[in-house]
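Keep the sequence and the model side by side as you read.

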Amino acid sequence: MTDPIRVLVADDQSLLRGSFRVLIDTTPGLTAVGEAGTGAEAVQNARRLRPDVVLMDIRMPGMDGIEATRHIARSPEMAETHILILTTFDLDEYVYGALRAGAAGFLLKDTSPEVLLSGIRTVAAGESLLAPSVTRRLIAEFARFPHARPAPDSSLEGLTDREREVLLLVARGLSNTDIAQYLHLSHGTVKTHIGRLLSKLRARDRAQLVISAYESGLVSVTIAPERRVQPGSGGLL
């Protein structure tokens, strides 16, 4: 038997917190270990409880969810805690801010319970998750402000040609399975490349790889694979 995924629920509305706890606690393989009504409480309880996943609201009194995410993501003692942002707002600045802060996923509160539970499992496994609409908005944000991107980061100079190719496909929203299919590689080989990219770019997760690819100038929003590949995970990065 494996240990259940431990989830901390952070939301300023007590009714929603209670609803999320019931949903989580009645799902096999998941357990809610605590709650937080503010960003400061989320940081404090995450440090104390060391959950696998923090289900984080953005708009909370005092310290908001993005700042709380930044505190948790930058703390070495909570390196194994992943943050899944769940909010009613999908404004571009929230998406970008949450990912920059270290969030592993971003879903809207109107998502189905099944998608939410799947999202919790996904980020707990170290993957990254974005709602399809959020992925489109994030790419559109970079497209609107190409002049704001800095010159290519020197950290990319240490990447091999294959690693750059994999990074580009990660930034385009393809899953490991899609990348393996496109590059004619085994799934294990793709995972090895992803692991090396995370290490070389000092990225916390795949969402951070996407940010690095765009901010470094490696990826242009006009670049697309020559052969059409449909991501098989509905927004999974």
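Contact here means heavy atoms within 4.5 Å. This is a predicted model, in which local features need pLDDT of at least 70, side-chain atom pairs count only at pLDDT 80 or more, and totals for chains, interfaces and linings use all residues. Residues are numbered from 1 along each chain as its sequence is written, and side-chain values use heavy atoms, with hydrogens and water left out.

Start with Met56. Leaving aside neighbours within four places in sequence, Met56 is in contact with Ala10, Ala42, Gly65, Ala68, Thr69, Ile72, Ile83, Leu84, Ile85 and Leu86. Two of these names lead onward: Ala10 and Thr69.

Take Ala10 next. Its bridge partner in β2 is Ala36. Helices (H or I, at least four residues) and strands (E, at least two) are DSSP runs, numbered from the N terminus. Strands β1 (residues 5-10) and β2 (residues 30-36) run parallel and are joined by six bridges; two strands pair if DSSP finds at least two bridges between them. Between them the chain passes through helix α1 (residues 14-25), and this β-α-β crossover is right-handed. That term applies if, with the strands pointing away from the viewer, the path from the first strand over the helix to the second runs clockwise.

Now turn to α3. Near its start, a side-chain oxygen of Asp64 reaches to within 3.2 Å of the backbone nitrogen of Ile66. Such a polar contact is a pair of N or O atoms within 3.5 Å; within protein, one must be able to donate a hydrogen and the other to accept it, and residues adjacent in sequence count only if both atoms are side-chain atoms. Buried in α3 are Gly65, Ile66, Ala68, Thr69, Ile72 and Ala73. The buried residues fall within an arc of 160 degrees seen down the axis of α3, so they line one face of the helix. The arc is that of the directions from the helix axis to the C-beta atoms.

Is Thr69 buried or exposed? Thr69 counts as buried because its relative accessibility is 0%. Buried means under 20% relative accessible area, exposed over 50%, partly exposed in between (1.4 Å probe, protein chains only). Arg74 lies in the loop between α3 (65-73) and β4 (82-87), and counts as exposed because its relative accessibility is 65%.

Finally, the core. Of the 27 residues in the largest nonpolar core, Ala10, Val54, Met56, Ile72, Ile85 and Phe106 touch the most other members. A nonpolar core is a set of buried Ala, Val, Leu, Ile, Met, Phe, Trp, Tyr and Cys residues joined through side-chain atoms within 4.5 Å.
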